[in-house]
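Reader: I'd like a quick tour of this model before I set anything up. Can you walk me through it?

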Amino acid sequence: MYRYDEYDQSIVDARVDEFRDQVRRRLAGEITEDQFKPLRLMNGLYLQLHAYMLRVAVPYGTLDSRQMRMLAHVARTYDRGYGHFTTRQNIQYNWIRLDQAPDILAELATVEMHAIQTSGNCIRNISSDQYAGAAADEVADPRPWAELIRQWSTFHPEFTYLPRKFKIAVIAAEEDRAAMRLHDIGIRLTRRDGVLGATVFVGGGMGRTPMIAHEIRDFVTADDLMSYLEACLRVYNRYGRRDNIYKARIKILLHEIGPDEYRRQVEEEFAKVKALGIDPPAAELARITAMFAPPAFDPAAAGDVADRSDPDFAVWLDQNVRAHRQPGYAIVNISLKPVGGIPGDASADQIDVMADLAQRYGFDELRVTHAQNIVLPHVRIADLKAVWSALVDAGLAEANLDLISDIIACPGLDYCSLANARSIPLAQKIGERFADPARQRDLGELKLKISGCINACGHHHAGHIGILGVDRKGTENFQLLLGGSGAEDVSLGRITGPGFDEDGVVDAIERVTDKYLEVRETGERFVDTYRRVGMTPFKEAIYG
Amino acid sequence: MRLITGNDLATGDVVWWTGTDWSRHVEQAADAGERAEAIAREEEAARRVNVPYVIAATATADGPRPAHIKDRIRALGPTVRPDLTLKPADPAAGSWVI
Ligand code: SF4
């Protein structure tokens, strides 16, 4: 884990003091809401349907147990006993009081956390692979690079007022577990002839105009990566459309000038930026990298095997536990998607349980995933049964990773002031319709994603099945999309046709899955079958 | 009828204009009529409410019912957490929203 140095801590502490004074002035009437709103947003504080909402940054989704316990403490002390883990690998609290917000930020700062750059037209929290440092297929640990980018982008004076918000993901494996190509910039670390570098993708995103990022640089050496990123941002900052919020993202710039012209300009800028010497000295990179050194794995664990005699445990093992690169260890995925529950929500007590498990069995590490689940990246195989038993007791042992009930859902109209429709009740109904675990496993990997409006926080374009909530003359209506993916086989879903009411869309999904079971070939996931047979058979099944 | 709603500045609570003051309960909301926008401006300037806006509603036997589902959800609370709504003891309260 990265640990703050005195500079990190002092800028976060100073920010808390500054915000405390801004809140005091707002409450005293010295500044108006129009003046205050951009200031509170810079500290992650939104005004939502029922109250203020605080979004706390979890850098590249990585936490230790001390930080996780603080998240539970905030939920218990300042909110209503729960938090919502988001598709940006962050956490949101829904019931925050303005007059307590500075105290929350002060408490978070004591565990090296904050809410900076979780809103506004700046570089947002960096996303990464939740299996970083544990996956067998990574060429390097992406976290030191994500941390470096965090430091580079924090309060970067040129990039504090970009044309629009800006999201960066860093991965280091062929398998994309972070929806990398649906970010403004996606970085995939790779090695060429033994040299570490990156393939850089630019111009991806979801929202109103979903686009898949273009490969802009096949290979930039790690030594040049920060300069190259600076050049990518500079070209965007110069030419991005500030005149039209709907055209302000970098994806639109790439669409308008084309990837070749964008690449040409970036290369030109890169030549100038490189001379500035912003790439970190080797010693600084080594300092950061050392903080992500592998934990002290026990070589004696190599012979461990899990006792599969309990059938429920065996199912959970098969569904939620993934191979670790270290013999004798495993990656545990904790599903926050119980049938009938609220995707991504966890109570303060559950958050504490996960913190305890990380401390006791997981080298003190936790990760938040963009699919709104939690990962314990390093658990000894001999300890899996104990971890599972504790998760069962806490209501956290749903064995549904990547199945149809492992639904991504944004807060939707139950909480979000931008929403058109409620996402959560729909997720609950779908979960209940497909509640039978054997049926879910028979359907296999099926990523279902729901957004309550076109902003696509629920990644509906990237769902094998996606759902978008729309407002049809004041009533909730849902469009169905098929064929999207946020993984290495990235694709954008297509709308099936006319929308449905809440029950109608659940029925339509069942017709889609029935059709899949009817026409699938051996080994095909739902999305593979869709790609082979196309939309027509599904459309016929849905609309008759 | 025309209601004024907004949030309490310090707590963020959803509030409704009662004709003389602000209440958390939509049942107590009053028809602000043509003066709604002016009242909203005055009250915001006095910091008795934050980000007020005017909505349409219908008068019913149970009190005012906001025309749009978003404001009905604001009035009650999240439909997926009945325990956190203003009527936690009434499991049927959510049907008022829909
Ligand atoms: S997709 Fe829309 S409704 Fe859902 S959280 Fe984002 S802005 Fe809100």
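This is a predicted model: local features need pLDDT of at least 70, side-chain atom pairs count only at pLDDT 80 or more; totals for chains, interfaces and linings use all residues.

Reader: Ligand first. Which residues surround the ligand?
Author: Cys410(A), Pro411(A), Gly412(A), Cys416(A), Leu418(A), Ala419(A), Gly452(A), Cys453(A), Asn455(A), Ala456(A) and Cys457(A). To be listed, a residue needs a heavy atom within 4 Å of the molecule.

Reader: How does the shell around the ligand divide by class?
Author: Eight nonpolar, three polar and no charged residues. Here Ala, Val, Leu, Ile, Met, Phe, Trp, Tyr, Cys and Pro count as nonpolar, Asp, Glu, Lys and Arg as charged, and the others, Gly among them, as polar.

Reader: Are Cys416(A) and Cys453(A) buried or exposed?
Author: Cys416(A) is buried, because its relative accessible area is 18%. Cys453(A) is buried at 9%. The cut-offs are under 20% for buried, over 50% for exposed and partly exposed in between, with a 1.4 Å probe and protein chains only.

Reader: Switching to voids. How many cavities of 30 Å³ or more?
Author: Five. On a 1 Å grid over the protein atoms alone, a cavity is a set of points where a 1.4 Å probe fits but cannot get out; a pocket is an open set with protein on both sides within 12 Å along at least five of seven lines; lining residues have an atom within 4 Å of a point. Points are joined across faces, edges and corners, and volume is the space filled by probe spheres set on them.

Reader: What lines the largest cavity?
Author: Its lining includes Met1(A), Tyr60(A), Asp64(A), Arg66(A), Glu147(A) and Arg150(A). Strand S3 (62-64), helix H3 (65-78) and helix H5 (143-153) of chain A each give two or more residues. These are DSSP runs numbered from the N terminus: helices are H or I, at least four residues, and strands are E, at least two. The cavity holds about 120 Å³, and its lining has five nonpolar, two polar and five charged residues.

Reader: And what volume has the second largest cavity?
Author: About 110 Å³. Arg150(A), Ser153(A) and Thr154(A) are among its lining residues.

Reader: Why is H5(A) largely enclosed?
Author: Because 10 of its 11 residues are buried. Trp145(A), Glu147(A) and Trp152(A) are among them. Phe155(A) follows H5(A), with a positive phi near 55°.

Reader: Where does Pro38(A) lie?
Author: In helix H2 (residues 33-41) of chain A. Pro38(A) is partly exposed at 41% relative accessibility.

Reader: Pockets now. Which residues lie nearest the centre of the second largest pocket?
Author: Glu175(A), Asp176(A), Arg177(A), Asp402(A) and Lys447(A), out of 31 lining residues. The second largest pocket has a volume of about 510 Å³.

Reader: Last one. What does UniProt list for chain A?
Author: An unreviewed UniProt entry gives "domain: Nitrite/sulphite reductase 4Fe-4S" at residues 119-272 and 405-542. Positions use the numbering here, feature names are shortened, and annotations may be inferred rather than shown by experiment.

Note on methods
Residues are numbered from 1 along each chain as its sequence is written. Chains are lettered from A and ligands numbered from 1 in the order in which they are written. Side-chain values use heavy atoms; hydrogens and water are left out.
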